[in-house]
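Subject: Structure handover

Hi,

Here is the structure for you to look over. My notes on what turned up follow below it.

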Amino acid sequence: MAKVLLEMKNITKTFPGVKALDNVNLVVEEGEIHALVGENGAGKSTLMNVLSGIYPYGSYEGDIIYDGEVCKFNKIKDSEEKGIVIIHQELALIPYMSIGENMYLGNERGKSYSIDWNETYGEADKYLKMVGLSDSSRTLVKEIGTGKQQMVEIAKALAKHAKLLILDEPTSSLNEEDSRTLLDLLLKFKKEGLTSIIISHKLNEVSYVADKITVVRDGSTIETLDKKTTEISEDRIIKGMVGREITDRFPKRPNVKIGDVNLEVTDWVVHHPQYPERKVVDGVSMTVRKGEVVGIYGLMGAGRTELAMSIFGRSYGTGIEGTLKLDGKEVVLTKPKQAIEHKIAYVTEDRKGNGLILTNPIRVNTTLANLDAVSNKSVIDFNKEYQVAVEYKEKLRTKTPSVEQNVGNLSGGNQQKVLLAKWMFADPDILILDEPTRGIDVGAKYEIYCIINDLVAQGKSVIMISSELPETIGMSDRIYVMNEGKFVGELKQEDATQESIMACIMRQERGE
């Protein structure tokens, strides 16, 4: 029988008015990959923040027993000294510092007031090689992609001599290829004796990589599934997470009459803002009809977000060329305000950075894109604003005790609902949804899908960008496949399979 490395006993954590964890128990054996799954707000990240010392000893009830010793961590440095290293969903790298500087920030090599840069970069290169990166540790972080940045975070953890690695949604920003590379790396380290705890909403990845899966629901542990004794399927995990079976991951869309073309883009070209000679969108043409969901799928760096933002009032790019027509009439939209006035909305993939003001309440965030509707002579009517926020809270079933709650205190799925409410209140005809279900659980995803279906049933058009192929296929009436700034295929839903979509990309890469 394997040695128990970690035991968390009867962990209870309370915030004002909310019991986030209620007698949670977790047992992790040495050398295993242990997955922690549950809906948004179930308490997964809170539990790991307790373990890593982010929530210090005394702010919670219960015991942490690590490597046979009762631990009372008061700060994250305490847990790191024991070999417990956490990698958060939002990567903690500084773009304008080198990889090596980031890896040893707060853990510098050398003597007091004198950093040994040769040792820093030499050691960093060694750990980068261990995670399969050939990039020099002297490279600036901003010059590498998201997939490589995630690997840098793992190399940074290894440099701290991690014995227990905690990864919170490590693949939420990665495409399928980069995700599989990361998961295979965890399996490799497992063979070398490293223990990992992984939090993920991507249940196919959990099934692939985890030895055991602990399900958390409403702040309590529901069950632990062991691959050795239980056949673990995605449906079995979902049942534990939501307390019921979800037989159809994508809700049936009522027979919506698809109408006339209301958005048409022709020969659209967008140049990189820092490197004007580089085309990030190259000669793209597309149409979107009323009552239609159009999916755009592509691997990381294909140019999907850049295309969406450039259409939305040229909020990305330079040297933009091409024609944009709305309801058959050519328009030139040079700023987001003009796009909003022409009934276009863009729901960003970065809800925390660009979509919401986390320190402001739901009430304020809900009306941000349409302040005129809750104002009288430029003075906001707070009663009207409150009524609007409550209406959308109820309509989208946002879980919160009050619309006066700060958005930063909500789970990811509920933050996404507030972001959708913000743009739905602007009453757009065309919604561009960029990764609308990133980092949210299967139950919240289903609710977002239902909202999308309601929108197209009203005759609105939806452009949905997604890195998840099953989601793209399950929700789209038509799919444009994008690679290296170009559309390389257009498929109707009945013709779309994972194989046919990837074949479009591979044909283009082979130059066929």
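This is a predicted model. I'll start with the second largest pocket, which holds about 1300 Å³ of space. Its lining counts 40 residues, and nearest the centre lie Gly41, Thr46, Asn409, Leu410 and Ser411. By type, the lining of this pocket divides into 10 nonpolar, 19 polar and 11 charged residues.

Where does the second largest pocket lie? Domain 1 (4-242) and domain 3 (353-427) both give residues to its lining, so the pocket lies between them. Four elements each supply at least two lining residues: β2 (18-29), α1 (44-52), α11 (351-355) and α14 (412-425). The largest share, four residues, comes from α1.

Next, the cores. The largest nonpolar core has 68 residues, and Trp268, Met286 and Leu307 touch the most other members. Domain 2 (248-343 + 428-512) and domain 3 (353-427) both contribute residues, so this core lies between them. Leaving out residues up to four places away in sequence, Met286 touches Leu263, Glu264, Val265, Val294, Ile296, Leu307, Ile463, Tyr480 and Phe487. Another core, of 47 residues, lies apart from the largest one; Ala35, Met151, Ala157 and Val215 are among its members.

Is Gln150 buried or exposed? Its relative accessible area is 4%, and buried means under 20%, so Gln150 is buried. Setting aside neighbours within four places in sequence, Gln150 is in contact with Ile87, Leu91, Pro170, Leu174 and Leu182.

Best wishes

Methods:
Residues are numbered from 1 along each chain as its sequence is written. This is a predicted model: local features need pLDDT of at least 70, side-chain atom pairs count only at pLDDT 80 or more; totals for chains, interfaces and linings use all residues. Side-chain values use heavy atoms; hydrogens and water are left out. A nonpolar core is a set of buried Ala, Val, Leu, Ile, Met, Phe, Trp, Tyr and Cys residues joined through side-chain atoms within 4.5 Å. Buried means under 20% relative accessible area, exposed over 50%, partly exposed in between (1.4 Å probe, protein chains only). Domain bounds come from an automatic or database domain assignment. Contact means heavy atoms within 4.5 Å. On a 1 Å grid over the protein atoms alone, a cavity is a set of points where a 1.4 Å probe fits but cannot get out, and a pocket is an open set with protein on both sides within 12 Å along at least five of seven lines; lining residues have an atom within 4 Å of a point. Grid points are joined across faces, edges and corners, and a volume is the space filled by probe spheres set on the points. Ala, Val, Leu, Ile, Met, Phe, Trp, Tyr, Cys and Pro count as nonpolar, Asp, Glu, Lys and Arg as charged, and the others, Gly among them, as polar.
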